[in-house]
Amino acid sequence: MMHLSRHFINNWIDRVGGHPTGPMVADIIQNSVRVQKGRKLKKTDGTPFNTLTVYWHPDLKLIVQVDQFNDTAVSVLSKANTPFPDQKQTAPYYTPMTMHRI
């Protein structure tokens with residue numbers, strides 16, 4: 001059963017609206033595209049840590065981050081936290097770095 005962190009619930013209420021439930025979030029994830037798989041890794045000093053699995057639901061315009069090892073939804077992003085969803089986010093005088101041969 002999908003667990004929901006307090007952070008996830010608060011973000012869902014603020015960014016999506018309503019109150020999420022475990023089965024509802026699990027269904028959203030089932031119908032989403034996995035963008036990044038969570039992994040168990042170790043730091044250089046041997047300390048273990050996990051990366052989150054990231055899912056994108058294009059119809060609902062949501063990104064859900066899940067700790068798949070604890071089966072816990074951790075965070076949700078939506079159009080509500082995109083400051084200018086229809087505008088280009090790059091600075092007007094930005095010059096991208098390019099590779100040059102020496």
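**Core, ring pair and sheet**

Biologist: Which residues make up the largest nonpolar core here?

Modeller: In this predicted model, the largest nonpolar core has 12 residues, namely Met 2, Phe 8, Trp 12, Val 25, Ile 28, Ile 29, Tyr 55, Leu 62, Val 64, Val 66, Ala 73 and Val 76.

Biologist: What does Tyr 55 touch, neighbours within four places in sequence aside?

Modeller: Tyr 55 is in contact with Ile 29, Ser 32, Val 33, Arg 34, Val 35, Leu 62, Ile 63, Val 64 and Val 66 once those neighbours are set aside.

Biologist: Switching to rings, how many aromatic pairs are there?

Modeller: The structure holds one aromatic pair: the rings of Phe 8 and Trp 12 have centres 5.7 Å apart and planes at 35°, so the pair counts as tilted.

Biologist: Are those two buried or exposed?

Modeller: Phe 8 and Trp 12 are both buried, and because they are four residues apart in helix 1, about one helical turn separates them.

Biologist: Now the sheet: what is the strand order?

Modeller: Five strands form an open sheet in the order 1-7-6-5-2, with mixed pairing; strand 1 (3–4) and strand 2 (33–36) stand at the edges with a single partner strand each, so one side of each has no neighbour in the sheet.

Biologist: How many bridges join strand 2 to strand 5?

Modeller: Three bridges join strand 2 to strand 5 (residues 53–57), and the two run antiparallel, with Gln 36 standing opposite Val 54 in strand 5.

Methods
Residues numbered from 1 in each chain as written. Predicted model: local features only at pLDDT ≥ 70, side-chain atom pairs only at ≥ 80, totals over all residues. Heavy atoms only, no water. Core = buried A, V, L, I, M, F, W, Y, C linked by side-chain atoms within 4.5 Å. Buried < 20%, exposed > 50% of the residue type's maximum accessible area, 1.4 Å probe, protein only. Contact = heavy atoms within 4.5 Å. Phe/Tyr/Trp six-rings, centres within 6.5 Å; stacked < 30°, edge-to-face > 60°. Pairing = 2+ DSSP bridges.
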